[in-house]
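Subject: The structure I promised you

Hi,

Here is the structure I said I would send over.

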Amino acid sequence: MTGSNRTYDVGGVELPRPFKARRLGHFALWQPDLDACQRLYIDLLGFRQTDRIVREGRHTATFATHNTDHHSLAAIHPSTAEGVRKSHYEKGVFVNQISFQVGTLEEVFNAHAYFSERQVYISRLGRDFPGSNWALYVLDPDGHRVEFYYGMEQIGWTRNSKPTAAYIQEVRNGFTLPFRPNLRGVSHF
């Protein structure tokens, strides 16, 4: 089938798109005063800080959680915005991203082709750190970044994120699906 009548098998269910948003996962705000944001969300509301990003001696992001996911909230300094994202911030888009969890890595991968075919602006595809989630980012008509992600680092007993040295930086600009052998050769998961 073509156009709007096409359906996709998503985990054994026929859907009009090759992914399904399973839950609202987390969100991020552009925040020029990260110290004030930290006082509110961490000190007053009781979120746990999981990562504090400092680049070139400047505090650029805080990741916090209220559960076991690496983050349920991120506050990002607007100085990190580039290109179209910077212009949207300058026009008053203060939500950095709204993130929805999907059920499989294949859904993230297939969503890329789906949005590309529909000429939706794709901000990024790959694996994000901190948090280790595999994700696709698109922009809505107002410039809000919408993330569809699979997987999220879980914060356990130590309540610490994994060390920066454990990040695999080269997967930030896309990925291929892993393969597994079957009786007739090799196929995608």
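Below is what I found, going from the whole chain down to single residues.

One thing before the details: this is a predicted model.

**The chain as a whole**

The chain has three helices and 12 strands. Of its 189 residues, 42% are buried. If you take the contacts with a separation of 6 or more, 56% of them are between residues 24 or more positions apart.

Strands of a sheet pair through backbone hydrogen bonds, in either a parallel or an antiparallel way. You can see both kinds here. S4 and S5 are antiparallel, with seven bridges between them, and in one of these pairings Asp51 has Phe63 in S5 as its bridge partner.

Now look at S6. S5 and S6 run antiparallel and are joined by four bridges, with Ala61 standing opposite Ile76 in S6. S3 and S6, on the other hand, pair in the parallel sense, over four bridges. There, Ala28 has Ala74 in S6 as its bridge partner.

In a regular strand, side chains alternate between the two faces of the sheet. Here is how that looks in S6: Leu73 and Ala75 point one way, Ala74 and Ile76 point the other way, and all are buried.

**Two histidines in loops**

His77 lies in the loop between S6 (73–76) and helix H2 (83–90). Is His77 buried or exposed? Its relative accessibility is 11%, so His77 counts as buried. Leaving out residues up to four places away in sequence, His77 touches Trp30, Gln31, Pro32, Leu34, Arg58, His59 and Thr60. With one of these, Arg58, there is a polar contact of 3.0 Å between the side chains.

His71 is in the loop between S5 (58–65) and S6. At 4% relative accessibility, His71 is buried. Its side chain makes a polar contact of 2.8 Å with the side chain of His70.

**Aromatic rings**

How many aromatic pairs are there? The count comes to 10. Take Trp30 and Tyr89: their ring centres are 6.1 Å apart and their planes are at 65 degrees, so this pair is edge-to-face. Trp30 is in strand S3 (residues 23–30) and Tyr89 is in helix H2, so the pair ties together parts that are 59 residues apart in sequence. Trp30 is buried, at 7% relative accessible area.

Tyr41 and Phe47 make another edge-to-face pair, with 5.9 Å centre to centre and 75 degrees between the planes. Tyr41 has a relative accessible area of 19% and is buried, because the cut-off for buried is under 20%.

There is also a cluster to look for: ring pairs link Tyr8, Phe19, Phe100, Tyr114, Phe115 and Phe148.

Then have a look at Tyr137, where two arginines come in. The charged end of Arg124 sits over the Tyr137 ring, 4.7 Å from its centre. Arg145 lies over the face of Tyr137 too, at 4.3 Å from the ring centre.

**One last residue**

Arg159 is in the loop between S10 and strand S11 (179–182). It counts as partly exposed, at 48% relative accessibility. Along the chain, Arg159 and Arg48 are 111 residues apart, and their C-alpha atoms are separated by 8.2 Å.

Cheers

How values were computed
Residues numbered from 1 in each chain as written. Predicted model: local features only at pLDDT ≥ 70, side-chain atom pairs only at ≥ 80, totals over all residues. Heavy atoms only, no water. Buried < 20%, exposed > 50% of the residue type's maximum accessible area, 1.4 Å probe, protein only. Polar contact = N/O pair within 3.5 Å; in protein donor to acceptor, adjacent residues only side chain to side chain. Contact = heavy atoms within 4.5 Å. Phe/Tyr/Trp six-rings, centres within 6.5 Å; stacked < 30°, edge-to-face > 60°. Lys NZ or Arg CZ within 6 Å of the ring centre and 35° of its normal. Pairing = 2+ DSSP bridges.
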